[in-house]
Amino acid sequence: MQTETPKTIFLKDYEPTPQAIRHVRLLVDLHPTATRIVSDMQVEPRKSAPMVLHGEGLELLSVTIDGVDLADHRYSHKNDLLTIAEVPSQSFTLRIEQRCNPQANTALSGLYLTSGVYCTQMEAQGFRRFAFFHDRPDVMATYDVRIEASLAVPVLLSNGNHVRSGKIVGTDRHFAEWHDPHPKPSYLFALVAGDLAAVLDTFTTMSGRKVALGIYVEKGKEDRCGWAMESLKTSMSWDETAFGREYDLDVFNIVAVSDFNMGAMENKGLNVFNDKYILARPDTATDTDHVNIERIIAHEYFHNWTGNRITCRDWFQLCLKEGLTVFRDQEFTSDIRSRPVKRIEDVRTLRARQYPEDQGPLAHPVRPASYIEINNFYTPTVYEKGAELCRMMQTLIGKPAFRKAMDLYFDRHDGEAATVEDFVRCMADASGRDFAQFFRWYEQAGTPVVEVKTRYDAKTHVFELTLAQSTPPTPGQADKLPQHMPLALGLVGPDGSDLPLHLDGVGALNTPLIELTEATQVFRFTDVAKRPVLSLNRGFSAPVIIKGEARDDDHLFLMGHDSDGFNRWEAAQSLARDLFVKAARALGDGKPLPDAKPFAQALGRTLADPDADMAFKALMLELPSEAEVAAALRTDVNSDHVRNGRMAIRAAIARDLLPALDGAMASTRETTDYTPDTQSTGRRSLRYSALALIAAADANRGLALATVELAKPHSMTAEIGALSAVLSNGDAAPLLEQFLQRHREDHLLVDKWFMMAAHVPLPGAATRVEALLQHPLFTWTTPNRVYALIGGLSGNLAGFHAEDGAGYRVVADAIVRLNSINPQVASRMATGFRSWRQFDTARKAHAESQMRRVLATPNLSPDVFEIITRTLA
Ligand code: PHE
Ligand code: ZN
């Protein structure tokens, strides 16, 4: 049991530190089990107060002020804090000598060893596991770093520009020195040292400065860095054109490591990446991998301005850097690939990851007001919903004003630790608009629901649109105020073209956009000659749930005719979701399944549309997930009915589409070598979506086609595409086994194999996963492997929410085990329980008892404690 309840931290308690730290000189003497760190800090007192520094699991060796050793009684070291009771009132140098143990660090926060490589991860609070410090983002300093290590560790990297390196005479050790001229918070500090291979290149910035680029990887993997390097150069030039932002150091280095809790990290001038987001070759990485690499390289690079040059005042402001940087990387991908496809994919991600969070016990505002463990707030809400808020502001003021606001933001706050208020003030000042009501989006949790009523008067030609908004209660927030929502819309005439929009009291609308600000608001459109079909929230202009009165035939009509590609897709999604929901209910009630014919026919028309591109067709074939169906059912969900109902409807649709699907297969054969360009990835996504549906309609044919694809695969995309298509076929097991035998030397492909194995949608998933925990290739200490197998199980809806509780038990066992190895990974796995209350009584009882068992674990980390208590509350 938890000995004491972990402390909650509140936004309202923010106060600057009594001392600023302006400069840090570090000597890091690397050793696997005892690394010695000497830090010299230039301290500037702001007021007279004790100096209280963070430090976790460190061995304190000495404390010196201005060259004078402090006697023991002048400081105390307990509860992860070092308190120096009295410090000088004028600027002084504080020197602290400390030791840490990188080898014992399985939490992967602070300085750790991964496959013989020393690596740091300081965000959010890892620096304190490396050196005593004011470890918070509003304490910004310049850094000089000297790394010393054995000659067996040849590459020594840190932030900023390289100063010099050399041998340490008379020893088998050497050193390197780095200088970072840009003041930064401790969370952006990084150090990497190891026997790594380097792939080098250069980039010339818009003002003509030459930047040395380096990607450091495990030796032998040099041939898998080309795509990442190309993506980096594309990102650097995009930020120049799109936002006028130039790179600001002589070097930009990236290191790929195989043990990493998250995707990647934006340390100043020295990004560290989970190697799955660097390494790619046509035969080892899928199209999705390529696009993700491009996107994450861009994301981390863009942080150089949004995050590093302007950082966060405190961790409550996390969305200031993350939401904004996700928005920037979304715009990047939209510009260099397909904007409509990107928008649909982002909304899919939002619905699959953020909506369940926002509609469950873990709901929190984009800017939370309190937390126990900040690592639990790197969430889809902060990232993806945070990006939606930036997008809505851009929609409200228009692209030119948004760019002006961004320029103002960089102008005003460069070199500062800023707040969300600072950012939104720039939006207001640059546009002259009032964002007071809009700010609620940052403070109110929950997904708003907009209820739509329409009335058309054929005599007066008036189309009346009544919108009522509400946001359901979320933990700690019972009552919600109306939000300010930009809603793009169109009135679609019988021939499929958009009718002109005349808003009563306003006139002709230049932009087809209305702003909903009241709880209920009526919009009257005049001169509407014929009864139109409403297309609302085009391009998903506001991250809300639209509850319409639209009939199936309106949806079928929009699916074929809406000029907004997003809403064509959306219409198809809501029709399919409806069918799946009805099918799940029908299975529960022993009634016949709904008729999917009209939908299948409409989908057939889309497939036949010569104007629609292949990527769009593929997205139309990707029907809503089981999780979405469960969310739509809301309560008393039986996950078997969800799965079986969905599978049955999908098979029926696929049978109707078989000739069209065969046609799609025939028209997407590979004729050239692999390239990850937009056209080719679109073509392949259509190919494997079609194959998956063929397999749903006819298991044997699907298996035969997949076997052909796998005999001499064109690319990794083909291998994964073909295998994923037939996972539900019990006879496909040998193909999975063949994949493992082919790729068992490649750890990233072994991860893919574990993930596919966990996703197999056949009964008994929990038992199979439990057996795989004993597989010689499974390990608990590599986050990617745990995410693949345990995360794979919680992503398998009917497997995780199995009626006998076996899924919950296996995941709970894993959480308990991971708690003592890596609390961040453990708590991520604990979020798998977030939707447990949607399920039926038997399932809920199993889930609850497993969570209570986790809660009773001795030495439970604050990370897991916080997630489980909030989930149970
Ligand atoms: N700041 C990283 C990003 O989103 C994420 C991250 C957070 C990585 C914490 C590691 C630790 O770009
Ligand atoms: Zn980020």
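Tutor: We shall discuss a metal site and then a cavity.
Tutor: This is a predicted model, in which local features need pLDDT of at least 70, side-chain atom pairs count only at pLDDT 80 or more, and totals for chains, interfaces and linings use all residues. Residues are numbered from 1 along each chain as its sequence is written, and side-chain values use heavy atoms, without hydrogens and water.

Student: Which residues coordinate the zinc ion (ligand 2)?
Tutor: His-299 (NE2), His-303 (NE2) and Glu-322 (OE) do, at 1.9 to 2.1 Å. Donors are N, O and S atoms within 2.8 Å of the metal (3.2 Å for Na, K and Ca).

Student: How are the donor residues spaced in sequence?
Tutor: The pattern is H-x3-H-x18-E. His-299 lies in helix H2 (residues 287–302) and Glu-322 in helix H3 (residues 318–336), so the pair ties together parts 23 residues apart in sequence. Helices are DSSP runs (H or I, at least four residues), numbered from the N terminus.

Student: Are His-299 and Glu-322 buried or exposed?
Tutor: His-299 and Glu-322 are both buried (under 20% relative accessible area, 1.4 Å probe, protein chains only).

Student: New topic: how much space lies in the largest cavity?
Tutor: About 40 Å³. A cavity is a set of points on a 1 Å grid over the protein atoms alone where a 1.4 Å probe fits but cannot get out, and its volume is the space filled by probe spheres set on the points.

Student: Which element gives the largest share of the lining of the largest cavity?
Tutor: H3 does, with three residues.

Notes
Chains lettered and ligands numbered in written order. Helix = DSSP H or I, 4+ residues; strand = E, 2+ residues; numbered from the N terminus. Buried < 20%, exposed > 50% of the residue type's maximum accessible area, 1.4 Å probe, protein only. 1 Å grid on protein atoms, 1.4 Å probe; cavity = no way out; pocket = protein on both sides within 12 Å on 5 of 7 lines; lining within 4 Å.
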